[in-house]
Amino acid sequence: MSESTEPAGTGGLTTGEVARRLGVAPTTVRTWDQRYGLGPDRHTGGRHRRWTPADVARLERMCALTATGIPPAEAARLARETPAPASAPAAPPSVLPRRAPAPQAAPASRAGSGLRLGDARQECKGIARAALRLDAAALDRLLLDAIREHGLVAAWTEVIVPTLQAVGRKWESSGERYVEVEHFLSWHVSGALRRAAPDTAPDRPGASVVLACVPGDNHTLALEVLSAALAQRGIPVRMFGGALPVESLIAAVRRTGPAAVALWAQSRATASRPLAQHVAAMEWGVRGARRSPLVLTLGPGWSGRPAPGTARPHGLADAVQALEGLATR
């Protein structure tokens, strides 16, 4: 049995578990141990090494220092010499909670990258570090691991969104110094969502869902995860992406006769209540059996009460549940 697969005991974490927390490959952890002396302070017997919270904190400092461009040898020296901050013992990985903890539940912490992650899980820290290093291979692996382990909806809500928000805050507070990290992370999230989704479900008359951003809005990631989640449930999706012109949206709805239309608006400046109401009032079919789509208004732009004839789910899970129930009737 290898280090990365052996179950963790009471003596600490395995090398594989430490690597996942840091967002690096297990071989990198072993190299830092062999080359720079950053291995565990104590051995627990046998050939398998166990890492304590203090050992992991030292490696986190190593990650933070190398991410700023300091050569590995110098970063290792500084990591060994800098005292570890007092902290509670690291808990083993657990099942994702159904809802994220309230922001005030605990003081904010900082990942080694310097991104404010609050109560975000260890997966968030690993993903943030990989994004900061612009490490494409590690980022892809960590994103797909999170989706496989927790499921698409939970991974998006509890892991990916908090990391995206942390990167966005860092960009806003640093004079756009980290804009390349935000773009890099968003691109790889989009790729992971596509790889995690099954093939497009075959069309069923009256059961498809149209997804589009309103005109002037190009924030497509939330619609991409919704599209992937619906595909996993066998619901046919027509995804039109960012900034779909009004005339094109109306034409797409008329041509497909969908069960539902989901419209994303990131800001109040782009959210158009008249447009949402117009789509909700559209009808098709023979006289006496005419149908209209359910219109879901998604995103922070649709603040306030839902427009007449529309619905506004509270989050991804609610949107998936509403659309699944509608499309499978």
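Which residues of helix H2 (residues 26-36) are buried?

**View 1. The buried side of helix H2 in the predicted model.** Val 29, Trp 32, Asp 33 and Tyr 36 are the buried residues of helix H2, which spans residues 26-36. Seen down the axis of H2, these residues fall within an arc of 115°, and therefore they line one face of the helix. An α-helix has 3.6 residues a turn, so residues three or four places apart point the same way.

**View 2. The exposed face of helix H2 and the residue that follows the helix.** Thr 27, Gln 34 and Arg 35 are exposed on the face of H2 turned away from its buried side. Gly 37 follows H2 and has a positive phi, near 70°.

**View 3. The buried side of helix H10 and its cover.** In helix H10 (residues 246-256), the buried residues are Leu 249, Ile 250, Ala 252 and Val 253. Their directions, seen down the axis of H10, fall within an arc of 160°, so these residues line one face of the helix. The cover over the buried residues of H10 includes strand E1 (209-213), strand E3 (260-264) and helix H11 (273-281).

**View 4. The exposed face of helix H10 and the residue just after the helix.** Glu 247, Arg 254 and Arg 255 are exposed residues on the face of H10 turned away from its buried side. Just after H10, Gly 257 adopts a positive phi of about 55°.

**View 5. The chain as the setting for both helices.** The chain contains 12 helices and 5 strands. Of its 329 residues, 46% are buried. The chain exposes about 16,700 Å², of which carbon and sulfur atoms supply 54%.

Key
Residues are numbered from 1 along each chain as its sequence is written. This is a predicted model: local features need pLDDT of at least 70, side-chain atom pairs count only at pLDDT 80 or more; totals for chains, interfaces and linings use all residues. Side-chain values use heavy atoms; hydrogens and water are left out. Buried means under 20% relative accessible area, exposed over 50%, partly exposed in between (1.4 Å probe, protein chains only). Helices (H or I, at least four residues) and strands (E, at least two) are DSSP runs, numbered from the N terminus. The arc is that of the directions from the helix axis to the C-beta atoms. Contact means heavy atoms within 4.5 Å. Accessible areas come from the Shrake-Rupley method with a 1.4 Å probe; for residues, only the protein chains shown count as cover.
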